[in-house]
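Please consult the sequence and the structure below alongside the text.

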Amino acid sequence: MLYNYYIFLLFGYTFGMEYNSLLLETAAVQGLKEDEFVRRGCRVTHGIMPDKGEYYTLTECGDDDNLVRIFASYIKKLAGENLKRVLIVGLGNRGMTADALGNTTLHHLSAGGSNPHFSLIAPQVSVVTGVESSDIVASVSERVKPDLTILIDTLSTSRYERLGRCYQLCNFALTPGSGVGNSKFMRTQGKTLSVGVPLVIKLGDLGVEKLRNFVVTPADIDEQVARCGKNIARAINTAFGK
């Protein structure tokens with residue numbers, strides 16, 4: 001099994017990577033009741049987390065166009081109407097492929113002259129910039145005052161079949177670093193949506209106990225990040241009529 005993965009994290013210490021856990025799994029730990037159904041061939045899980053909000057998890061159905069349309073409909077539902085300014089944040093370390101989902105997504109979005117309603121930022125991680133990404137987001141958000149902030153980041157999972165195949169959306173802020181025990185509170189203006197795809201997993205969850213704290217990513221991680229980032233961007237553009 002090891003030959004199908006790249007090892008890039010040792011004993012829980014990231015080298016410039018701060019990811020979050022898949023809500024589908026953290027919510028289950030809390031004993032949360034979830035609804036699961038099939039829409040256009042894609043499996044959808046919907047849940048509500050007390051004192052936070054709701055989330056949707058879509059599992060790929062083999063048709064990217066269908067996935068994008070479904071994902072866009074939930075983004076539009078949670079975002080609401082009458083949005084004049086949307087701040088889209090690509091979290092993570094673009095120097096590490098598995099953590100570059102947010103930055104990759106931004107490459108497929110436009111802002112400014114061609115799309116004055118969108119503002120895009122990729123704050124990087126503190127090990128690269130010396131500034132916490134949460135502080136950068138808070139500062140930009142305070143200045144721009146968006147009606148909606150969309151946070152995009154890599155997630156972790158405990159089930160290998162979910163790697164690169166689940167797209168998660170929730171209407172509250174991600175907590176950068178929560179997947180590695182280094183949480184940072186994210187402050188934003190207006191409404192907040194968080195989007196992520198699980199791209200990393202611990203070897204312990206793959207049954208390798210002696211190396212259980214090593215974190216690995218699929219061998220085709222470049223292709224997965226490129227495809228998932230493009231699908232998220234298409235869903236965002238579709239949701240806002242772009």
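A disulfide is defined here as a pair of cysteine sulfur atoms within 2.5 Å. The model is predicted: local features need pLDDT of at least 70, side-chain atom pairs count only at pLDDT 80 or more, and totals for chains, interfaces and linings use all residues. Residues are numbered from 1 along each chain as its sequence is written, and side-chain values use heavy atoms, with hydrogens and water left out.

**Cysteines**

- The sulfur of C166 lies 9.9 Å from the closest cysteine sulfur, that of C228, which is too far for a bond.
- C228 is likewise in no disulfide, its nearest cysteine sulfur being that of C166.
- C166 counts as buried because its relative accessibility is 2%; buried means under 20% relative accessible area, exposed over 50%, and partly exposed in between, with a 1.4 Å probe and protein chains only.
- C228 is also buried, with a relative accessible area of 0%.
- A search of the whole structure finds 1 disulfide, and C42 is joined to C61 by a disulfide with an S to S distance of 2.4 Å.
- C42 lies in strand 4 (residues 42-49) and C61 in the loop between strand 5 and helix 2, so the pair ties together parts that are 19 residues apart in sequence. Helices (H or I, at least four residues) and strands (E, at least two) are DSSP runs, numbered from the N terminus.
- C42 is buried at 0% relative accessibility, whereas C61 is partly exposed at 27%.

- In strand 9 (residues 166-170), 5 of 5 residues are buried.
- C166, Q168 and C170 point one way from strand 9, while Y167 and L169 point the other way.
- Strand 9 runs antiparallel to strand 5 (residues 53-59), and 5 bridges join them; two strands pair if DSSP finds at least two bridges between them.
- Y56 has L169 of strand 9 as its bridge partner.
- Strand 9 is also joined to strand 10 (residues 191-202) by 3 bridges, and these two run antiparallel.
- The bridge partner of C170 in strand 10 is S194.

**Helix 2**

- The 16 residues of helix 2 (residues 64-79) should span 22 Å at 1.5 Å a residue, and the end C-alpha atoms are 22 Å apart, which agrees. The expected span is 1.5 Å times one less than the number of residues.
- Buried residues of helix 2 include L67, I70, F71, Y74 and L78.
- At the start of helix 2, a side-chain oxygen of D63 comes within 3.0 Å of the backbone nitrogen of D65.
- Just after helix 2, G80 adopts a positive phi of about 85°.

Definitions and conventions. A polar contact is a pair of N or O atoms within 3.5 Å; within protein, one must be able to donate a hydrogen and the other to accept it, and residues adjacent in sequence count only if both atoms are side-chain atoms.
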